[in-house]
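Please read these points beside the structure. They cover the ligand site and then the aromatic pairs.

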Amino acid sequence: MKQAHWWQSAIVYQIYPRSFQDSNGDGIGDLPGIISRLDYLAELGIEALWLSPVYASPNDDNGYDISDYRAIMPEFGTMADMDKLIVEAKKRNIRLIMDLVVNHTSDEHPWFQAAQKSKDNPYRDYYIWADGQGDLPPNDLTSVFSGSAWEYQAATEQYYLHMFSKKQPDLNWKNPQVRVEIYDMMNFWLAKGIGGFRLDVIDQIGKEPFRKIINNGPQLHAYLQEMNRETFGKYDVMTVGETWGATPEIAKLYSNPKRHEFSMVFQFETMEVDQVPGKEKWDSRPFDVPQLKNILAKWQTTLGDEGWNSLFWNNHDLPRVISRFGAEGILREKSGKCLAILLHLMKGTPYIYQGEEIGMVNRQVNSLAEVADIESLNMAQERLARGFTMAEVLAMINRMGRDTARSPFLWNDQLQAGFTTGTPWLSITQDYLTINAQRALEQPDSIFYTYQQLIALRKAWPLVVWGDFTLLASAPNVFAYERSYQGETLLIVANLSKEAAVFTLPRAVERVVITNRSALNDHQLELHLAPYDALAVVLEPV
Ligand code: GLC
Ligand code: CA
C-alpha cells in the first residue's frame with residue numbers, strides 16, 4: 001500500500017466561527033462555543049478543522065479583513081481560548097487549519113495606518129499605490145465586490161489597490177520585507193502546533209496590477225516556494241490554496257509534491273455549472289449535470305500522481321449544496337445523501353461545511369435589511385442602479401448570496417436552534433424544528449450517519465484513498481464512476497435529478513457498501529433509479 005500523508009485519508013470540516021456556537025449569549029459564535037462542540041465533531045469522525053478567520057478584525061468582510069494576525073477577535077475569545085482549542089482538538093485527533101489571509105490586510109492594520117500617512121513612510125511600500133489619470137483611477141481594474149479596485153486617498157493624493165472591499169488594501173508581495181513579516185507570523189502559528197493553513201485568494205499575490213494581471217502572476221509560484229521553504233515546509237501539516245481560476249494543469253503547479261508548494265488547492269470550475277458562461281455568479285442558469293460530470297472527471301483523471309484534489313460542494317462563500325444541486329422539501333435528506341455519496345468516494349481530500357452533515361439549506365431573506373454580506377449589498381446597489389428590480393436582486397441573493405450558508409448552525413429545536421440564548425447576529429430563517437443536529441443524531445437513518453459512514457470508509461479503505469477513477473457512460477442526469485485498486489472495483493451511481501432513470505450495471509454486485517435506497521432489487525443488472533438514488537457497490541471480480 002502507498003504511504004499516505006495524514007491529510008490524504010482525512011476529512012476536513014469547515015467552521016464559520018461567527019455562526020457555529022455562541023457560548024455567552026451575545027449572538028456571536030465563539031471559540032469556547034467551538035470547544036464545547038468538539039465531541040460532536042469527533043463523533044462525526046473528522047480529523048481536521050478549518051476555521052474561517054478568528055484574528056482581530058473590524059469585520060468589514062467578517063474576519064477576512066485582518067487588523068492583527070497575532071491576536072484573536074475579542075468577540076471570539078482570547079489567545080488562551082485559541083490555545084485551549086488546539087489542545088482540546090488534538091486530544092480528539094483533530095488538527096486545526098488556520099485561514100491565512102495574506103493577499104490583503106484590513107485598512108485598520110497598523111501597517112496600513114502607517115502607510116497612508118505619507119509617501120515616504122517606511123510602510124508605504126507594504127501596499128500598492130499609484131497616481132490617478134487626471135480625475136480617474138490609475139486604470140479600470142474592478143474589485144471582486146463591485147466598483148473600481150482603486151480608492152483615492154486625499155492625504156497623499158494617491159490611490160491604493162483593493163481587489164476586495166476598500167477596507168481590504170492589497171499587500172505588495174514584491175516587497176521582501178512584507179514577505180519576511182508574513183513568514184514570521186506564519187511561523188508564530190506553526191509553533192503553536194496547528195495542522196496547517198487554508199490560504200485565502202492566494203493566486204492573487206503575484207499580481208501585476210499595472211499590466212492588469214491579477215491571478216497567476218509571474219512571481220506567484222516563486223513566492224509560494226519561498227513560503228514553503230521559510231515556513232510550513234518544515235512541518236507535517238496540510239496546506240490548501242483558494243485558487244478561483246485554477247485548471248487541472250495549474251493545480252499541478254501548486255500541488256505536485258516535487259514542487260514544494262501546497263498539499264492541494266480548491267478548484268471552482270465545478271461552481272460554474274449553473275452560471276451563464278462569461279457572466280457573473282448572480283446570472284444563473286439551470287444546473288447542467290453532464291457538465292458537472294465532465295469537470296469532475298477531468299480533475300479526477302488529470303491530477304493523477306502529480307497533484308492532489310480537494311473535494312467540496314459548498315463553503316462560506318457558496319450556497320448550500322442541497323438548495324443548489326439537490327432538492328429542498330421532501331427530497332432534502334435523500335438528495336443530500338446522494339450528493340455526499342457521490343463526492344466522498346472520489347479521489348482527494350473531502351471538505352464538509354458546517355451544517356452540510358445535517359442537511360441545512362439556504363437562508364432566505366425578504367428584504368435587503370436582512371442581508372449582512374458586503375458582496376451581496378454592493379451587488380444590490382450596483383444592479384438596482386442599472387435597472388434591475390428589487391425582486392430580481394433579492395432572488396439573486398437568495399440563490400447565490402453568501403449569507404445563504406452563513407446562518408447559525410441548527411443544534412436543536414429550542415429557542416434560536418440552540419445556537420445562542422441571545423439574538424443571533426444573522427437570523428435563523430430555516431425550519432429548525434425539522435433540521436437540527438439533535439434530531440439527526442437521534443435518527444439512525446439520518447444524513448449525519450451517511451457522512452459518518454463515508455468518513456469511516458475513507459479512513460479504513462485504501463481503495464477510497466488511492467483507487468483509479470473512471471467515468472462510466474450513463475443517462476445525462478446519472479453520474480456513474482468506478483474506483484479500482486489492487487483488483488477490487490467500487491462502482492458509484494447517483495441520479496442527480498427529480499426524474500426516475502435507469503442504469504445498467506457492468507456486472508453483478510458482490511456487496512453493497514453504502515446507499516440511500518431501501519433495497520437494491522438485486523439479481524438484476526438493470527437498476528431502476530428513483531430521484532436522487534445513490535449507491536456504492538463492490539462489483540464481482542472480472
Ligand atoms: C476569499 C474568502 C472570502 C473573502 C475573500 C476576501 O474568497 O473565502 O470570504 O471575502 O477571500 O478575503
Ligand atoms: Ca459569543
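1. A polar side-chain atom of Arg 402 is 2.9 Å from an oxygen atom of ligand 1. At 2.8 Å from a ligand oxygen are a polar side-chain atom of His 316 and a side-chain N or O atom of Asp 200. A polar contact here is a pair of N or O atoms within 3.5 Å. The protein buries 97% of the 310 Å² that ligand 1 exposes when taken alone (Shrake-Rupley method, 1.4 Å probe).

2. The model is predicted: local features need pLDDT of at least 70 and side-chain atom pairs 80 or more, while totals for chains, interfaces and linings use all residues. Residues are numbered from 1 along each chain as written, chains are lettered from A and ligands numbered from 1 in written order, and side-chain values use heavy atoms, without hydrogens and water.

3. The whole structure has 37 aromatic pairs (ring centres within 6.5 Å; planes under 30 degrees apart are stacked, over 60 edge-to-face, the rest tilted). Phe 20 and Phe 409 pair edge-to-face, with centres 5.4 Å apart and 70° between the planes. These two lie 389 residues apart: Phe 20 in the loop between strand S1 (12-15) and helix H1 (31-36), Phe 409 in the loop between helices H12 (390-400) and H13 (437-442).

Note on methods: A polar contact is a pair of N or O atoms within 3.5 Å; within protein, one must be able to donate a hydrogen and the other to accept it, and residues adjacent in sequence count only if both atoms are side-chain atoms. Rings of Phe, Tyr and Trp (its six-membered ring) pair if their centres lie within 6.5 Å; planes under 30 degrees apart count as stacked, over 60 as edge-to-face and the rest as tilted. Helices (H or I, at least four residues) and strands (E, at least two) are DSSP runs, numbered from the N terminus.
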